[in-house]
Amino acid sequence: MTEPARVWEATHAEYHGDKNRISHSSKELFLQSRALYFYHIVLANPRTVTRDMYLGILLHILVLEPDLFWRTYYQIPHSIDGRTKAGKQALLDLANENQGRVGVKERDVTKVLLWHDALYANPEIRALLEMDGPVEQSVIWTDEETGLPLKCRRDKVVPELNLILDIKTCQYA
């Protein structure tokens, strides 16, 4: 019996922690290497987050959930040199002032703010991003043909236009 698609109210951690369902990225990992799939998905060893992935995560949160961005992260000023005793103390003080939040280097905050501003400078994209609709919405279902349990996480749904937005970053555009 197949399960019809339904919205699954899952946090980011719950979605990525669910190893019972297949996502697009886990399918791609399987096609790339069965051994890597077994290591990361079956044995639940976390994948290394690359700098590009990290910046993409920051952009997603900043664009789709800006309040969450500033509640989750704080900026580490470029002027703090973590190699010196004074710099290490300044980083420690900053971390203590921002308990429960994650420090992000000023250069990374600046980069994602510029990307954010570039998106919002485009009137068509701005209009879509400002339309009502759920963000980071998970959907689960069972594939009718294969019986495989599947999942996806949609960046933003614009019900009025029957549209799903998918935010991507790239090195060169």
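This is a predicted model: local features need pLDDT of at least 70, side-chain atom pairs count only at pLDDT 80 or more; totals for chains, interfaces and linings use all residues.
At what angle do H2 and helix H3 pack, and how far apart are their axes? H2 and helix H3, the latter covering residues 34-42, pack at an angle of about 135°, and their axes are 5 Å apart. Since oblique covers the angles left over once the roughly parallel, antiparallel and perpendicular ranges are taken out, that value makes H2 oblique to H3. On the H2 side the contact is made by Ser26, Leu29, Phe30, Leu31 and Gln32, and on the H3 side by Arg34, Leu36, Tyr37, His40 and Ile41. By class, the residues of this contact of H2 with H3 divide into six nonpolar, three polar and one charged.

The other helix pair I would like to show is helix H7, residues 106-121, with helix H8, residues 123-130, which pack at an angle of about 100° with their axes 5 Å apart. An angle from 65 to 115 degrees counts as roughly perpendicular, and therefore H7 is described as roughly perpendicular to H8. Here Leu119, Tyr120 and Ala121 in H7 meet Pro123, Ile125, Arg126, Leu129 and Glu130 in H8, and the residues of the contact of H7 with H8 divide into six nonpolar, no polar and two charged.

Let me step back to the whole chain. Its secondary structure comes to eight helices and six strands, and from the N terminus on the elements run β-α-α-α-α-α-β-α-β-α-α-β-β-β. The C-alpha trace spans about 65 × 45 × 30 Å along its principal axes, and buried residues make up 29% of the 173 residues in the chain. Of the contacts with a separation of 6 or more, 59% are accounted for by residues 24 or more positions apart.

The buried residues of H4 are Leu55, Gly56, Leu58, Leu59, His60, Ile61, Leu62, Val63 and Leu64.

Arginine 21 lies in the loop between helix H1 (12-17) and helix H2 (24-32), and because its relative accessibility is 17%, arginine 21 counts as buried. What does arginine 21 touch, not counting residues up to four places away in sequence? The list is Glu3, Ile140, Trp141, Pro149, Leu150 and Lys151. Two of these supply backbone oxygens to the polar part of its side chain: the backbone oxygen of tryptophan 141 lies 3.1 Å from a polar atom of the side chain of arginine 21, and the backbone oxygen of leucine 150 lies 3.4 Å from a polar atom of that side chain.

Arginine 153 lies in strand E5, residues 149-158, and with 18% relative accessibility, under the 20% cut-off, arginine 153 counts as buried. Its side chain reaches the backbone oxygen of alanine 10 at 3.0 Å, and the side chain of arginine 153 also makes a polar contact, at 2.6 Å, with the side chain of serine 138. Leaving aside neighbours within four places in sequence, arginine 153 is in contact with Ala10, Thr11, His12, Tyr15, Glu136, Gln137 and Ser138.

Glutamate 136, one of those contacts, is found in strand E4, residues 135-142, and glutamate 136 counts as buried because its relative accessibility is 16%. Its phi is near 50°, a positive value in a residue other than glycine.

I will end with asparagine 98, in the loop between helix H6 (85-97) and strand E3 (102-105). Asparagine 98 is buried, with a relative accessible area of 10%, and a polar atom of its side chain lies 2.8 Å from the backbone oxygen of leucine 94.

Conventions. Residues are numbered from 1 along each chain as its sequence is written. Side-chain values use heavy atoms; hydrogens and water are left out. Helices (H or I, at least four residues) and strands (E, at least two) are DSSP runs, numbered from the N terminus. Buried means under 20% relative accessible area, exposed over 50%, partly exposed in between (1.4 Å probe, protein chains only). Contact means heavy atoms within 4.5 Å. A polar contact is a pair of N or O atoms within 3.5 Å; within protein, one must be able to donate a hydrogen and the other to accept it, and residues adjacent in sequence count only if both atoms are side-chain atoms. Axes are lines fitted to C-alpha atoms, for helices over the stretch in contact, and angles run from 0 to 180 degrees between N-to-C directions. Angles under 35 degrees count as roughly parallel, over 145 as roughly antiparallel, 65 to 115 as roughly perpendicular and the rest as oblique. Ala, Val, Leu, Ile, Met, Phe, Trp, Tyr, Cys and Pro count as nonpolar, Asp, Glu, Lys and Arg as charged, and the others, Gly among them, as polar.
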